[in-house]
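Hi,

Here is the structure I promised to pass on.

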Amino acid sequence: MNVSTILIILLIGAFATYFSGDKLASKVALLFSLAALGCSIVLLNNYNAGENISLINSWINHPKISFALNGDGLGLAMVLLTAALTPIIIFSSFGNEYKNAKGFYALILFMAFAMVGTFLAADGLLYYIFWELALIPIYFIALIWGNGDAEERRKAVVKFFIYTLAGSLFMLTAFIYLYQKAGSFLIEDLYKVNLSACEQFWIFLAFFLAYAIKIPIIPFHTWQANVYQKAPTVGTMLLSGIMLKMGLYSVLRWQLPIAPLAAKEYMNIFIALGIAGVIYGSIVALRQKDLKKLLAYSSLAHVGLIAAGSYTLTLDGLRGAVLQMIAHGFVVVGLFFAAEVIFRRYETREIEEMGGIRTQSPKFTSMFLILVLASVALPSTFNFVGEFTVLYSLSQINIWFAILGGTTIILGAYYMLRMFQHVMLGETNSKTFSDVTLNEGVSFAAIIAVLLFFGFYPKPITDLITPSLETILQVINKN
């Protein structure tokens with residue numbers, strides 16, 4: 001078995017879901033997403049046993065394009081993140097009703113297919129195709145099934161689509177230029193291209209524009225909060241939990257090894273941009289009255305820290321960034337799901353209209369509190385492992401980077417705990433808040449189990465990703 005199997009399962013699943021009809025669509029989608037998760041676990045076992053799970057076949061001769069998928073530890077970690085979160089996201093949506101459910105759930109699986117392809121692709125053009133394919137499903141999910149005024153939603157989604165597409169065109173231009181130098185789109189051939197410092201600067205910048213929009217890094221973040229707010233919660237989970245990781249992963253896989261001289265020369269600038277996102281996201285989150293918008297800006301702060309760690313060019317920085325990518329994926333999906341659970345009962349996302357939930361639903365209060373504490377990187381949670389490692393790497397570059405980056409913990413604790421106080425505590429609300437259903441409880445339990453298990457024992461993930469990151473650093477340091 002090789003890594004193409006999981007792509008086949010997700011693609012067949014998308015078509016099977018669509019043709020199953022509206023009544024069965026959610027269950028068929030869940031079944032195929034669980035099959036993909038099972039496949040990813042089998043691939044992990046095969047990889048750990050020393051089997052070659054990669055795939056490379058000639059696809060097009062002129063230009064020379066290969067259907068190449070690389071099953072290394074870093075790619076597998078991101079595939080496992082996608083494969084684990086997709087069934088949780090689908091299962092969590094069972095409490096909602098969607099018009100044209102077959103189209104809705106088919107798009108979720110097709111998006112998972114494209115994102116897994118992005119994490120596995122080892123050919124530049126194949127990677128670009130998967131990268132763009134992932135944009136199409138989320139565009140329609142947000143546009144058709146989103147929240148609020150239809151015209152405002154359309155403007156927000158179109159802005160996101162144009163931003164992302166425009167950034168991707170710079171990346172495509174970089175790949176075309178690299179192909180002219182290497183005669184191939186294969187990643188190992190692109191790593192070997194001898195580029196001047198000037199060429200590396202422009203290649204690095206082209207990749208940066210694509211990734212900074214997707215992550216997002218300020219000042220390319222202006223699409224984020226509105227799209228997170230207007231998209232249905234499932235769409236917001238897919239965007240924040242998995243899709244933005246495509247940009248962070250690509251920094252490590254493509255940008256840094258292909259243009260290492262530029263990465264070293266301008267390291268401090270890009271670390272500073274990431275830390276600026278931490279501070280900006282945290283300050284703006286303090287002012288938010290809409291729960292989904294507050295979580296959106298909180299996410300902006302966290303991914304800013306991840307980006308800063310990625311650009312340190314140290315093993316601790318890269319490893320901490322990947323650990324935090326995975327931890328952030330689970331915790332942000334849990335937090336947005338908590339916001340959806342509240343909306344199902346109160347039909348509002350305004351924080352000032354909430355409160356008093358603790359007395360009506362102690363189970364939900366406890367689970368929400370665990371997610372909030374994980375978000376602020378409480379020791380013994382998965383997020384603490386990632387954030388501590390990133391901050392340590394920043395201190396190796398400049399102690400002030402670590403001090404400023406650490407504001408994400410201080411400010412994050414303030415605005416998240418204040419939000420929890422306003423949403424969950426206080427006098428009993430006049431609106432009835434029924435306790436969590438079995439479906440909701442299982443979704444929360446799965447997320448919390450991951451956050452606590454890897455908070456105490458992150459070794460399986462660090463052992464999986466470290467060899468790949470060491471290889472990337474060897475490529476970077478050869479120049």
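For the classes below, Ala, Val, Leu, Ile, Met, Phe, Trp, Tyr, Cys and Pro count as nonpolar, Asp, Glu, Lys and Arg as charged, and the others, Gly among them, as polar. By that scheme the lining of the largest pocket has 14 nonpolar residues, one polar and no charged ones.

Some housekeeping: this is a predicted model, where local features need pLDDT of at least 70 and side-chain atom pairs count only at pLDDT 80 or more, while totals for chains, interfaces and linings use all residues. Residues are numbered from 1 along each chain as its sequence is written, and side-chain values use heavy atoms, with hydrogens and water left out.

**Pockets**

A pocket here is an open set of points on a 1 Å grid over the protein atoms alone, where a 1.4 Å probe fits, with protein on both sides within 12 Å along at least five of seven lines; lining residues have an atom within 4 Å of a point. A volume is the space filled by probe spheres set on the points, which are joined across faces, edges and corners.

The largest pocket comes to about 370 Å³. It has 15 lining residues, and the closest to its centre are Leu44, Leu80, Ala84, Phe454 and Ile461. Helices (DSSP H or I, at least four residues) and strands (E, at least two) are numbered from the N terminus; α2, α3, α15, α21 and α22 each supply at least two residues of this lining.

The second largest pocket holds about 290 Å³. Of its 18 lining residues, Asn70, Asp72, Ile187, Glu188 and Arg253 are the closest to the centre. Its lining divides into 11 nonpolar, four polar and three charged residues, and α22 gives the most, with four residues.

**Salt bridges**

Taking a salt bridge as a side-chain nitrogen of Lys or Arg within 4 Å of a carboxyl oxygen of Asp or Glu, the count comes to 10. Buried means under 20% relative accessible area, exposed over 50%, partly exposed in between (1.4 Å probe, protein chains only).

Glu440 and Arg345 pair at 2.8 Å, N to O. This pair links distant parts of the chain, with Glu440 in α21 and Arg345 in α15, 95 residues apart. Both Glu440 and Arg345 are buried. Arg319 and Asp316 also form a salt bridge, at 3.3 Å, and both of these are buried too.

In α22, Lys459 and Asp463 sit four residues apart, about one turn of the helix, and their closest N and O atoms are 2.7 Å apart. Lys459 is partly exposed at 44%, as is Asp463 at 42%.

Cheers
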